Amino acid sequence: MMLNYISKKLFNNKFLLQEEYYKKLKFLILKLFPIFIIINLLIILAIISPEFLSFTNFINIIRQTSLLFVLSAGMSLVILTGGIDLSMGSVLGLAGCIGATLIKSYGNLIGIMGAMMIGLLFGAINGSIIFYLKLPSFLVTYGTLQIVRGLAIAYMGGNVIWGFNQKFRFLGAGTFFTIPIPIITGFIIFLLFYLILYYTSFGRKVYIVGNNISAAIHSGINIGKTILSVYIIAGSIAAFCGLIYISRLNSAEAGLGAMFELDAIAAAVVGGISIKGGSGGIFGTVVGALIITLIKNVLNLLGISSLWQPFVIGISIVIAVLIDQLIPKKGGV
Amino acid sequence: MNKNLLNISLPNIPEILYVLIFLLIILGIFIPEFRTIGNILNIAQQGAVLAIIALGSCIITIIGGIDLSLGAVLSLAGMFTALLLKENFNLIISLMGGIGCGLICGLITGIIIAYGNVPSFVATLGMMSMARGISLGLFDGATISGLPKYFRNFANGYIGVIPIPIVIVLICYVILEYLMKREKFGIYIYALGGNQNAARCCGINSKILTMIVYTIGGLLAGIAGIIMVSRLNCGHPTVGIGYEFEAIVAVVVGGTPLEGGWGSLGRTLIGVIIIGVLKNGLMLLGYPSYWQMAIIGVGVVLALIMANMAFIKSKEYINLQT
């Protein structure tokens, strides 16, 4: 009786068959799973340490979340089209290094432009190889990962560049009315991606290409343009993140951004973006980035070495993808 | 007419072998150090680890999957063996421990892929991260050194004139080749890679078979990890980075399409030798290791493009025939 009442309230007063009802309930529970994890993590953190509830720690967590979110937003866009970009961490490193040298010798504007050009270039290379040669995206981007990391090490030759001017430092370490700039950047990127994904034809095309590529071709969508732009956006986002990181750390070295792509994938996948493409949303990525940051915070507060972090990231990717398999897809049986 | 002449003049051996012979001749002419027997034995010993990994990667590619976790599993298994030896366990138990460690990692990957319906690259990416995290975290990022002397002789020794790692590679190759060519298992694997639905309709238990294939991959990674530790005489947590990539390169250079359904272990071994020779040549010419990484990265993209062209061509050929 009670269940019937709840089901009527929840699902628009429609009469539901028993099976359909359970299916909907399962869908709802699995969709709410990330929020459940966040609440649990918050409770654990609050119990472990009293400092967690302080304002500084709060701002700190939000800042880390927005840094991860910016990278993960680019990754989400790629995963929504059914691909993956493993080269983001390396592109971040190379763009950071080249940006740093250019800033040192030619000034801020040229440095930022140069770094963004690197991101654009490698995004375009990834996208065109994947689209025109019809190769699997994870393999192509894994190849570019190795190449770009090799280039970064060759370019830097083991040097570390440090000490940027105050204006550039503002990008990563500055504050605006006590709110750190990365948080504002993250918020702007969120709004931008939200508008692009839900209110432009490009965003809709991204979803269709991920959902059913042959349907996309038959409805006259230029899939080449869509795929190419998605990888170019991912590359530019990676380069932009590289600039934020070197500005925040006040130094750049060739190892910058190693394994960051795994964090970005974990945030996107935990946030409910299906690895097969076409379902999920940018708000989920925010939630995913928050979960990954909170998990890392728990590990730190428990005194577990940061060397364990890859293990936790790996296990959260696998669990998130397994859960995603259980969710019945919209329109599917 | 011309085509026929070409067919007669070339004996029926894999095309990839011509590339290898060409490479050997070029390097042999231009680098005097390359020609020495010591160097050739060195290439063979260095290539043994990669060869064992590549055999596993080849079978996984034949069923249409991919394994990005092999390098990380290799270092984890090696670390585990080193730890057992350091704790004064018996040699046999330590070796079994290392191989078992790889086997369990492979089994977990296989279960996730077969029963969780997870795409193989995500599952193995997760496993790569997990194995890397365990081998870094469990031993605090430290190197395990000071292993007993008899273990060191294991990979640096010889049987007659052949180095022991090469013997192990040959044993693995013969067993796998037998399984793939003379047993039902191999036929099932080719069928599964060719068309999974058709294979399932024919009564092949695709899930168990997928699981077994990834387990074999993990087991081979365990063996490779032991050889690696024995050669280096220490267990290091970041030792296998990039090995899975080189293994995939070897498989692709050996002509196995990533779509699966076709491929040969022998050609994969030739691919491994090509990579080994290329790396050795670059090293002798004085290129540092990061350039080797970049050159091999470019190489795989080129090999993939060529393989893809050939695949498209063969499809067109089939279309013309029917």
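Trainee: What percentage of the residues in chain B is buried?
Mentor: Buried residues are 45% of the 322 in chain B. Buried means 20 or more other C-beta atoms within 10 Å of the residue's own, exposed means 12 or fewer, and partly exposed is in between, with C-beta atoms placed from the backbone. Mind the source: this is a predicted model, local features need pLDDT of at least 70, side-chain atom pairs count only at pLDDT 80 or more, and totals for chains, interfaces and linings use all residues. Residues are numbered from 1 along each chain as its sequence is written, and chains are lettered from A and ligands numbered from 1 in the order in which they are written.

Trainee: How many helices and strands does chain B have?
Mentor: Chain B has 14 helices and four strands. These are DSSP runs numbered from the N terminus: helices are H or I with at least four residues, strands are E with at least two.

Trainee: Which residues have the most contacts inside the largest nonpolar core?
Mentor: Ile52(B) and Ile53(B), in a core of 176 residues. Such a core is a set of buried Ala, Val, Leu, Ile, Met, Phe, Trp, Tyr and Cys residues joined through C-beta atoms within 7 Å. Its largest share, 15 residues, comes from helix 11 (residues 223-249) of chain A.

Trainee: And what does Ile52(B) touch?
Mentor: Leaving out residues up to four places away in sequence, Ile52(B) touches Val169(B), Cys172(B), Leu220(B), Ile223(B) and Ala224(B). Contact here means C-beta atoms, placed from the backbone, within 7 Å.

Trainee: Switching to helix packing. At what angle do helix 9 and helix 11 of chain B cross?
Mentor: Roughly 105°, with the axes of helix 9 (residues 184-194) and helix 11 (residues 206-232) of chain B coming within 11 Å. Helix 9 of chain B is therefore roughly perpendicular to helix 11 of chain B. The class covers 65 to 115 degrees; under 35 is roughly parallel, over 145 roughly antiparallel, and the rest oblique. Axes are lines fitted to C-alpha atoms, for helices over the stretch in contact, and angles run from 0 to 180 degrees between N-to-C directions.

Trainee: Which residues make that contact?
Mentor: Tyr188(B), Ile189(B) and Leu192(B) come from helix 9 of chain B, and Ser206(B), Leu209(B) and Val213(B) from helix 11 of chain B.

Trainee: Now the interface. How many residues of chain A are in contact with chain B?
Mentor: 34 residues of chain A, in contact with 35 of chain B. Helix 14 (309-326) of chain A and helix 6 of chain A each supply at least two residues of the chain A side. Helix 14 of chain A gives the most, 12 residues.

Trainee: Is helix 6 of chain A mostly covered or mostly uncovered?
Mentor: Mostly covered: 18 of its 20 residues are buried. After helix 6 of chain A comes Gly157(A), with a positive phi near 60°.

Trainee: What about Asn159(A), buried or exposed?
Mentor: Exposed, because there are 12 other C-beta atoms within 10 Å. Asn159(A) sits in the loop between helix 6 and strand 1 (161-162) of chain A. Asn159(A) and Ala252(A) are 93 residues apart in sequence, yet 8.7 Å apart C-alpha to C-alpha.

Trainee: Last topic. What is the phi of Met259(A)?
Mentor: Positive, about 70°, although Met259(A) is not a glycine. Most residues other than glycine have a negative phi. Met259(A) lies in the loop between strand 4 (251-252) and helix 12 (260-270) of chain A. Asn117(B) also has a positive phi, about 55°, and is not a glycine.

Technical notes:
Contact = placed C-beta atoms within 7 Å.
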